[in-house]
Amino acid sequence: MTFSEMNLVPQLLRNVEASGYTIPTPIQQATIPLVLRGSDVLGCAQTGTGKTAAFALPMLQNLSRRPPRADEPRVIRALILTPTRELALQIYENFVQYGKRMPVVPAVIYGGVSQNAQVEALHRGADVVIACPGRLWDLMNQGFVRLDWVETFVLDEADRMLDMGFIHDVRRVVSKLPEKRQTLMFSATMPPEVEKLALDLLHEPETVKVDPVSSTVDAIDQCMYYVDKANKKHLLAKLLREDDVENALVFSRTKHGADRIVRELKKAGIESVAIHGDKSQNARQAALTAFKSGACRVLIATDIAARGIDIEGLSHVINYDMPMEPEAYVHRIGRTGRAGRTGKAISFCCIDEMKQKDQVEKLIGKRIPLRESEWPMEITTPTDPKTRQPRPAEPRPARVNLRGEAVPEKKPAHRTPVTIPKGGQAIVIGRSGKVNTVPAARGAQAHPAAPKSAPAKTTASKPRVAAPVQRVNRHRNKG
């Protein structure tokens, strides 16, 4: 079967052919007719099999048949939710590519950047909105997005939505959608949580399962190296220098590990760029653009990019670290060998990753072929897991404020011993403890201390009378 046999409109067929596709994949053959007739669909297929085109092509055709009139505002008639920014941009680019010269306007919404350009695109009008749940909900609360006219709702990578904690945002967005709508849900894996979500969102859905969840593309040549953790950087540099490596996507388990790999490769004379969650959206997009354009042929990524990168003609995927979840292995290596092309997937495994390796082989149902290098595994004792030392208990503060914060204790003011000087000067002690002397003419006259050597008077003497205090009216003789 070809695309021309699937009842697609001529302009859409021309756009598909211009993209280099003539024969639809199995998921596209099964899904496109269902979406064209308005059915709810639950699609499950391995990554790299063309799920985006499976819902984008029929949606573009359905929307183009009912374009808005010139005197009507353009409203959101289709909403697509995705878990990552990279995947949202990829789907947006596909809609632009497949929808050339068609009366359908797409827009993309994601976080990490200023919302001004996205709000302007919404004001100009968009038929299709591809969005990440967080930023979409934020713009909805600000009054920039209304979903009252949505006809088709797509939840892409539903299992990834659950893994990343987006389920609550998804349910809040769904509560704002019209009850009468077409709902499409796609996922590479189908755990019980996804099936439960499907029952809540879909109405009498058609289920499409093309390939087993754990299957990997047959066109991908897989192999594995046993190598100590300290020697992984040397083996990676050697493999990247081989002639058949046109470009390579290297997966790291952690963000700090991705940055460290970039630094180690730079020491070896190999330029690379990293993409992970701690990078700003502009930095991530710049790294992805450099990799796609060929300006940089090595991209280091965490699993956040496993489902959001679609590189045409990616030759190699290298698992620098084995994934913690075996399903992630299928998604990682699925970045190569796409659309019927060939590709290679290479994995590094140290002694601490043998458990993850066994889980991957159990999932895919076969042994990954082993290869030898000049850095064989020599450490055969697993590293002891790090135990956190309990922090010493801090003493409870004596006083706290209403917020529960400790109130510092007031230090007693330091008082300097004062000796009354001679000459009848008054003594003034301020709050800070500073001693000031005031002449007798301004202050009260102090009685001089009697000398210690003065003999005691035995006879009664006339009592001393204090000098009268003279009051001066400062306002007299003024004016």
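Ile 80 has Val 154 in strand 5 as its bridge partner. Helices (H or I, at least four residues) and strands (E, at least two) are taken as DSSP runs and numbered from the N terminus. Two strands count as paired if DSSP finds at least two bridges between them. The model is predicted: local features need pLDDT of at least 70, side-chain atom pairs count only at pLDDT 80 or more, and totals for chains, interfaces and linings use all residues. Residues are numbered from 1 along each chain as its sequence is written, and side-chain values use heavy atoms, with hydrogens and water left out.

Strand 2 and strand 5 (residues 152-155) are joined by 4 bridges in the parallel sense. Strand 2 is also joined to strand 4 by 4 bridges, and these two strands run parallel as well. In that pairing Ala 78 is opposite Val 128, and Leu 79 has Val 129 as its bridge partner. From strand 2, Ala 78 and Ile 80 point one way and Leu 79 and Leu 81 the other, and all are buried. Buried here means under 20% relative accessible area, exposed means over 50%, and partly exposed lies in between (1.4 Å probe, protein chains only).

An open sheet is formed by 7 strands in the order 3-4-2-5-6-1-7, with parallel pairing. Strand 3 (106-109) and strand 7 (206-209) are at the edges with a single partner strand each, so one side of each has no neighbour in the sheet. From one strand to the next, the twist averages 15°. Axes are lines fitted to C-alpha atoms, for helices over the stretch in contact, and angles run from 0 to 180 degrees between N-to-C directions.

Strand 1 (residues 41-44) and strand 6 (residues 182-187) run parallel and are joined by 4 bridges. Cys 44 is opposite Ser 187 of strand 6. Helix 4 (residues 85-98) packs on the sheet, where it touches strand 2 (78-81), strand 3 and strand 4 (128-131), and its direction makes about 175° with that of strand 3. Contact means heavy atoms within 4.5 Å.

Strand 3 pairs with strand 4 in the parallel sense over 4 bridges, and Ala 107 has Val 129 of strand 4 as its bridge partner. Strand 4 is covered on both faces: Val 128 and Ile 130 on one side, and Val 129 and Ala 131 on the other, are all buried.

## Helix 2

Six named positions describe the covered part of this helix. In helix 2 (residues 26-36), the residues Ile 27, Gln 28, Thr 31, Ile 32, Leu 34 and Val 35 are buried. An α-helix has 3.6 residues a turn, so residues three or four places apart point the same way. The buried residues of helix 2 pack against strand 1, helix 3, strand 6 and strand 7. Gly 38 follows helix 2 and has a positive phi, near 90°.

## Aromatic pairs and a charge over a ring

There are 3 aromatic pairs in the structure. Rings of Phe, Tyr and Trp (its six-membered ring) pair if their centres lie within 6.5 Å; planes under 30 degrees apart count as stacked, over 60 as edge-to-face and the rest as tilted. Phe 55 and Phe 186 have ring centres 5.4 Å apart and planes at 40°, so this pair is tilted. Phe 55 belongs to helix 3 (residues 51-64) and Phe 186 to strand 6, so the pair ties together parts 131 residues apart in sequence. Phe 55 and Phe 186 are both buried.

One aromatic cluster consists of Tyr 225, Tyr 320 and Phe 348. Over the face of Tyr 320 lies Lys 232, at 5.7 Å from the ring centre. A charge sits over a ring if NZ of Lys or CZ of Arg is within 6 Å of the ring centre and within 35 degrees of the ring normal.

Met 1 is in the segment before helix 1 (10-18) and is exposed, with a relative accessible area of 51%. Its C-alpha atom is separated by 7.3 Å from that of Pro 24, 23 residues apart along the chain. Leaving aside neighbours within four places in sequence, Met 1 is in contact with Met 6, Ile 23, Pro 24 and Gln 29.

## Chain totals

The protein chain has 14 helices and 16 strands. Of its 479 residues, 45% are buried. Among contacts between residues at least 6 apart in sequence, 73% join residues at least 24 apart. The chain exposes about 28000 Å², of which carbon and sulfur atoms supply 51%; accessible areas come from the Shrake-Rupley method with a 1.4 Å probe, and for residues only the protein chains shown count as cover.
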